[in-house]
Amino acid sequence: MALQSSGVAFRKILSHFPEELSLAFAYGSGVYRQAGPSSNQKNAMLDFVFTVDDPVAWHSKNLKKNWNHYSFLKVLGPKFITAVQNNYGAGVYYNPLIMCDGRLIKYGVVSTSVLIEDLLNWNNLYIAGRLQKPVKIVAMNENVALRSALDKNLKSAVTAAFLMLPESFSEEDLFIEIAGLSYSGDFRMVVGEDKTKVLNIVKPNIAHFRELYDNILQENPQVVYKIQQGRLEIDKSPEGQFTQLMTLPKTLQQQINHIMDPPGKNRDVEETLLQVAHDPDCGDVVRLGLSAIVRPSSMRQSTKGIFTAAFGSGLDTAKDVQEDASSDS
């Protein structure tokens, strides 16, 4: 469940920031109920992502409004901050542990063009991964390219999950697979973060996942969606799998090609995907491809957190930045 009257509370928080946002959303355990240790929703940190067309202009205004939100990097100015945002980690600049309207918040800033690329191609699956799970959209403008990319990201999530699932499965199985996509190989999950985390996200929020994916599942010609029973059946023939593999985001296709292509062969992607479609371990190959995307980006983003966190509390604050994953939903 989303918090009662959360819409007003979120918009109030937004009023403290420069207005030029193409998309603003809140996510994590402060927004949607989670099972397990992070289930105390009332005091949970609120996580936001702000998508901006012109990061230099936006940071410039935000530095004037909220100078104290930034780490020591602020003295180097908005151009430098934007360079750090775009060129290191997963293209997101985080300001963590900010008190705003009596709530502890963390917010990430991402360029609209970088987000669209990630949604379409899964370059790092960082924000695209967040948006495969239920989030609370607080503000959104009429950017047609962004809206289309958001929709494509959800369709891609369904396709990737189908490739890793058996012929028949439950809605819950599907949503667990989708929620886990952006954790495949995430080193934070490997280094002992709550292993049941994905379950904690999905179980209390089945209705929200259903709302997010219902239309896509009903319109997908490759699935029989038995809504009454909450069961799905998919085409696991090599032809069916090849069709699915061919619609996967470009970066994932390239990673699969890289994994499967023997040295010196230089086969084209389509040839490799045809081979994978006939492979009984097709799902494992897709999972390895996801891991090859997620692992480097989660490590780079964590390292960046050390510098973008407020100076003085250094590593602790950087750790909080990355507890995105543990407050994620």
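I began with the second largest cavity, whose volume is about 30 Å³. A cavity, on a 1 Å grid over the protein atoms alone, is a set of points where a 1.4 Å probe fits but cannot get out; a volume is the space filled by probe spheres set on the points, which are joined across faces, edges and corners. I note that this is a predicted model, in which local features need pLDDT of at least 70, side-chain atom pairs count only at pLDDT 80 or more, and totals for chains, interfaces and linings use all residues. Residues are numbered from 1 along each chain as its sequence is written, and side-chain values use heavy atoms, without hydrogens and water.

I listed the lining (residues with an atom within 4 Å of a point) of the second largest cavity as A90, V110, V114, L115, D118, N124 and I127. Helix α4 (residues 112-121) gives the most to this lining, with three residues. Helices are DSSP runs of H or I with at least four residues, and strands are runs of E with at least two, numbered from the N terminus.

I then turned to the largest pocket, of about 310 Å³. A pocket is an open set with protein on both sides within 12 Å along at least five of seven lines. Of its 13 lining residues, L131, V135, I137, L154 and L212 are the closest to the centre. β5 (136-140), α6 (144-164) and α10 (206-219) each give two or more residues to the lining.

Lastly, I looked up how α6 meets α10. D151, L154, K155, A157, V158 and F162 in α6 are in contact (heavy atoms within 4.5 Å) with L212, Y213, I216 and L217 in α10.
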